[in-house]
Amino acid sequence: MNLQESIKYFTADELNKIFKVLEKRVRKAETDFEERTAVRNRSMFQMMYYCALRVSELEMLLVEDYNPVHNNMYCRRLKDGINNTLQIVDKKILSDLKKHFRLNKPEHHIFESKSGVAVSRKTMDKILKQVCSEAKLTTPDKWHCHTFRHTRAIDLLEGGISIYEVQYWLGHVNIQNTEIYLRFTTSQYKALFDKLKDQHGIYDPEKE
């Protein structure tokens, strides 16, 4: 199986259902510990999606990587990727991140377990599977944290972000790794066709 065939991503509806469950868990928390955990988990998966982070990259996020003045997050990229600094412009995600800092007061890693170490891959996958099940998603083959990274790449391309900007966002050294996602989006091709229409005009058989 090649990389293109192995890519799994959440649809907009699936992603919405996931974050609705995470929001519900925050609202329904009955104890201080439950609230702090729910707030952490909500922000953790939001940042994983927004910054297109691998699990190991999320584990490496340190308190000093977040600049609350400029709302920037410094991301260390693995697999020979290029480290980058991303600005958090989504007000909801930013507000939830700030709430996580206020309630949980992380000391070293941004997303810590109760023992003070980074939340592990095993724990993240377990939480996500529980959330996807609660959201009644019918695609268990997608219930993995790396699906957020694929989803973000495709969403950026669908939103009209250029392939080179998406390359930077993902921290790809080789743009060929980014181009793989073009298979799953139509907006980039639509932009190309629109330019061709402007250049050549639209064919009208009645004018022949």
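Predicted model: local features only at pLDDT ≥ 70, side-chain atom pairs only at ≥ 80, totals over all residues.
**View 1. Overview of the protein chain.** The protein chain holds 10 helices and three strands, where helices (H or I, at least four residues) and strands (E, at least two) are DSSP runs numbered from the N terminus. Read from the N terminus, the order of elements is α-α-α-α-β-β-β-α-α-α-α-α-α. Of its 208 residues, 44% count as buried; here buried means under 20% relative accessible area, exposed means over 50%, and partly exposed lies in between, with a 1.4 Å probe and protein chains only. Among contacts (heavy atoms within 4.5 Å) between residues at least 6 apart in sequence, 64% join residues at least 24 apart.

**View 2. The aromatic pair F19 and F148.** Seven aromatic pairs are found in a search of the whole structure, a pair being rings of Phe, Tyr and Trp (its six-membered ring) with centres within 6.5 Å, and planes under 30 degrees apart counting as stacked, over 60 as edge-to-face and the rest as tilted. The ring centres of F19 and F148 lie 6.2 Å apart with their planes at 40°, so this pair is tilted. Because F19 belongs to helix α2 (residues 12-27) and F148 to helix α7 (residues 146-158), the pair ties together parts that are 129 residues apart in sequence. Both F19 and F148 are buried.

**View 3. The aromatic pair Y66 and F101.** The ring centres of Y66 and F101 are 5.3 Å apart and their planes stand at 35°, so this pair too is tilted. Distant parts of the chain are linked here, since Y66 lies in strand β1 (residues 66-67) and F101 in helix α5 (residues 91-104), 35 residues apart. Y66 counts as buried at 8% relative accessibility, and F101 is buried with a relative accessible area of 18%.

**View 4. Charged side chains over rings.** The charged end of R152 sits over the ring of Y49, 5.2 Å from its centre, under the rule that NZ of Lys or CZ of Arg is within 6 Å of the ring centre and within 35 degrees of the ring normal. K142 lies over the face of Y9, at 5.9 Å from the ring centre.

**View 5. The largest nonpolar core.** This core has 53 residues, and F45 and F148 have the most contacts inside it; a nonpolar core is a set of buried Ala, Val, Leu, Ile, Met, Phe, Trp, Tyr and Cys residues joined through side-chain atoms within 4.5 Å. Elements giving two or more residues to the core include α2, α3 (32-50), β2 (72-75) and α8 (163-170), and α3 gives the most, with six residues. Leaving aside residues up to four places away in sequence, F148 touches F10, L15, I18, F19, F45, M48, Y49 and L128.

View 6. C75 is in no disulfide, and its nearest cysteine sulfur, that of C51, is 4.2 Å away; C75 counts as buried at 0% relative accessibility. C145 is likewise in no disulfide, with the nearest cysteine sulfur, that of C132, 8.9 Å away, and C145 counts as buried at 1% relative accessibility.

Key. Residues numbered from 1 in each chain as written. Heavy atoms only, no water. Disulfide = S-S within 2.5 Å.
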